[in-house]
Amino acid sequence: MRPELTLPTGHASSPTDRRLNALLRHLSSSSSSSSSAMDTNNSISPSPTSAFQHDSVFSHVVQAPEDPILGVTVAYNKDPSPVKLNLGVGAYRTEEGKPLVLNVVRKAEQQLVNDRARVKEYLPIIGLAEFNKLSAKLIFGADSPAIQENRVTTVQCLSGTGSLRVGAEFLAKHYHQRTIYVPLPTWGNHPKVFTLAGLSVKTYRYYDPATRGLNFQGLLEDLGSAPAGAIVLLHACAHNPTGVDPTLQQWEQIRQLMRSKKLLPFFDSAYQGFASGSLDADAQSVRMFVADGGECLAAQSYAKNMGLYGERVGALSIVCKTADVAGKVESQLKLVIRPMYSNPPIHGASIVAAILRDRNLYSEWTIELKAMADRIISMRHQLCDALRARGTPGDWSHIIKQIGMFTFTGLNSKQVTFMTKEYHIYMTSDGRISMAGLSSKTVPHLADAIHAAVTRVV
Ligand code: PLA
């Protein structure tokens, strides 16, 4: 039995209510003239005041908290203050505080638009072949023996996150060890991605709050006592959130330890080119592990280094011992991807391929990338100088020493809350600030806020 669809009596006096009631009468008469199957299955929810709302099969669902990183942008967007500043998510901004579309990306897109032969067919499950080849070359190096020996399989995925997820699901299905060690701290999404993929997440010591640097001894001890075969997540460069990377000598020690214990490296490369401004220098850690002939995984993202955040373009590579194994691994990656999202989007990968294949566009990209990295480095110096000029208590040299997109300031969550409330500065509660979101104009405001937070909030 369908209850009659009308607004409650006594409320139908205004013209709007009369129109609504007419509409409801129309809806109920047209649905009662339709088939009885429709009647029982597709009943129309009449209005939010209906008794139906209490019967939702989802009424037990509780409100979830916002994402610790992306939720910062949600809060920022709601703030009407003209001085508000979003230093939460790692998204590059120009000196004018605007998002940047690289010139070279615009050129590549223009080429794509002009090419009338291009169609919108599905890509294969593993994505655009040329993109995959060029992505492997970018991270492993043009002369990588692993590539020459066909021991690498590369699949296009949904940016860095999707690449991590596909890699983790493959490991959960086909690798004998399901424990993955992540640095403490790490990007907040890592544990969630890996857990949902079926891995069990443990941490290894990484950051030392006392020195605001690497806890190298702790790292070696923890990896040294990990079970043989365990997977180890390594940030290829520009560690997020700390901005602290091992030196090349330390990487070499990590490599030796990991190989001797048969730990499987899973590199997350979300910032190639952003740390030093050089694509090759930022891939050194990965290349060291590939040069020894051993196996590893690498997740690449083009969100930051090409500014293709919303295009969701990235790649997962698995370096294997032989071409035969790599072929079989690829066949299984397809079985992971097909039921997840079938095949990846074509546009972003086509942009990347157009840039990586063309010598001129490639060199233009490296110049624009270097300019972004340099601007971030200059923000580090400006912020550090501004704090020194204010006599802000504490040693702020870590702002200059840390690398990549973020500074791990050392500010506590109370100080962060204070800065958001009093200065409209938005950042993650762990005290991480995105240096890429800062400009010469906003440095003084941030320095004032940090100074006030440090001197007034403990
Ligand atoms: N890996 C690391 C270490 C990251 O920092 C991020 C992005 C990703 C992977 C995933 O990036 P992608 O899927 O967009 O390619 N971290 C950002 C954004 C920049 C985010 O949290 O999604 C951050 O603000 O930490």
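The model is predicted, so local features need pLDDT of at least 70 and side-chain atom pairs count only at pLDDT 80 or more, while totals for chains, interfaces and linings use all residues. Residues are numbered from 1 along each chain as its sequence is written, and side-chain values use heavy atoms, with hydrogens and water left out.

**Stop 1: the largest pocket**

Select V89, A303, K304, Y309 and R312, the residues nearest the centre of the largest pocket. A pocket here is an open set of points on a 1 Å grid over the protein atoms alone, with protein on both sides within 12 Å along at least five of seven lines; a cavity is a set of points where a 1.4 Å probe fits but cannot get out, and lining residues have an atom within 4 Å of a point. The space in the largest pocket is about 760 Å³, a volume being the space filled by probe spheres set on the points, which are joined across faces, edges and corners.

Now show the whole lining, 40 residues. Of these, 20 are nonpolar, 11 polar and 9 charged (nonpolar: Ala, Val, Leu, Ile, Met, Phe, Trp, Tyr, Cys and Pro; charged: Asp, Glu, Lys and Arg; polar: the others, Gly among them). Colour helix 4 (103-114), helix 7 (159-174) and helix 8 (189-197), each of which supplies at least two lining residues. Helix 7 gives the most, with 4 residues. Helices (H or I, at least four residues) and strands (E, at least two) are DSSP runs, numbered from the N terminus.

Next, colour by domain, with bounds that come from an automatic or database domain assignment. The largest pocket lies between domain 1 (70-100 + 374-456) and domain 2 (122-357), because both give residues to its lining.

**Stop 2: the largest cavity**

Select Y204, Y206, L219, L234, H235, P246, W251 and I254, which line the largest cavity. A search of the whole structure finds 1 cavity of 30 Å³ or more, and the space in the largest cavity is about 50 Å³. Strand 7 (231-235) and helix 10 (248-260) each supply at least two of the lining residues. The lining has 7 nonpolar residues, 1 polar and no charged ones.

**Stop 3: salt bridges**

Side chains of opposite charge can pair when their charged atoms come close. The count for this model is 14 salt bridges, each a side-chain nitrogen of Lys or Arg within 4 Å of a carboxyl oxygen of Asp or Glu.

R255 is buried, at 15% relative accessible area, and E252 is partly exposed, at 24% (buried is under 20%, exposed over 50%, partly exposed in between, with a 1.4 Å probe and protein chains only).

Move to helix 12 (residues 323-341), where D324 and K328 lie 4 residues apart, about one turn of the helix. Their side chains form a salt bridge of 3.1 Å, N to O. K328 is exposed, with a relative accessible area of 53%.

Which residue meets R390 in a salt bridge? Select D448: the N to O distance is 2.6 Å. This pair links distant parts of the chain, 58 residues apart, with R390 in helix 14 (residues 359-390) and D448 in helix 17 (residues 443-456). R390 is partly exposed, at 30% relative accessible area, and D448 is partly exposed, at 35%.
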